[in-house]
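Me: I am new to this structure. Please take a close look at one part, the salt bridges, and tell me what surrounds them.

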Amino acid sequence: MKILPTLRTKKQLYEYYALEMNKRDFRYFINDVIEECSPHRSCHCKNLTFKEFLTFVARYGTPQGYELSPYIKDEIQKRGIN
């Protein structure tokens, strides 16, 4: 299995999850995560914060063929992200 890299944009994240969810669902899910993590930020942004990335991965799992690095697993645990 490959290690999932830390992704910084919605486009990069979608490219990894494209086989598992359609674009409409992905937009809904990522915008929900952004709204939860950064309530004062617009959902029209292109970049993701590290916390938003961690929350998305913790909530929706990793794409097929990828696993989380020990650092990312540790960060999810330390921050108490579900």
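Reply: What follows goes through the salt bridges and then turns to the nonpolar core.

This is a predicted model, in which local features need pLDDT of at least 70, side-chain atom pairs count only at pLDDT 80 or more, and totals for chains, interfaces and linings use all residues. Residues are numbered from 1 along each chain as its sequence is written, and side-chain values use heavy atoms, with hydrogens and water left out.

A search of the whole structure finds five salt bridges. The term means a side-chain nitrogen of Lys or Arg within 4 Å of a carboxyl oxygen of Asp or Glu. Side chains of opposite charge can pair when their charged atoms come close.

Take Asp32 and Arg59. Their side chains meet in a salt bridge, 3.6 Å from N to O. Asp32 sits in helix 2 and Arg59 in helix 3, so the pair links distant parts of the chain, 27 residues apart. Helices here are DSSP runs of H or I with at least four residues, numbered from the N terminus. Asp32 is partly exposed, at 32% relative accessibility. Arg59 is partly exposed too, at 29%. On this scale, buried means under 20% relative accessible area, exposed means over 50%, and partly exposed lies in between (1.4 Å probe, protein chains only). Asp32 and Arg59 also belong to a network of salt bridges with Glu36.

Next come Glu52 and Arg41. Their closest N and O atoms are 2.9 Å apart, in a salt bridge. Glu52 lies in helix 3 and Arg41 in the loop between helix 2 and helix 3, so the pair ties together parts 11 residues apart in sequence. Glu52 is buried, with a relative accessible area of 0%. Arg41 is partly exposed, at 26%.

Arg79 and Glu75 form another salt bridge, with the closest N and O atoms 2.9 Å apart. Both are in helix 4, four residues apart, which means about one helical turn separates them. Arg79 is partly exposed at 43%. Glu75 counts as buried at 9%.

Leu54 leads from this pair to the core. Leu54 touches Glu75 and Arg79, along with Ile72, Ile76 and Ile81, not counting residues up to four places away in sequence. Contact means heavy atoms within 4.5 Å.

The largest nonpolar core has 22 residues, and Leu54 is among those that touch the most other members. Such a core is a set of buried Ala, Val, Leu, Ile, Met, Phe, Trp, Tyr and Cys residues joined through side-chain atoms within 4.5 Å. Helix 1 (10-17), helix 2 (23-37), helix 3 (50-60) and helix 4 (70-79) each supply at least two residues of this core.
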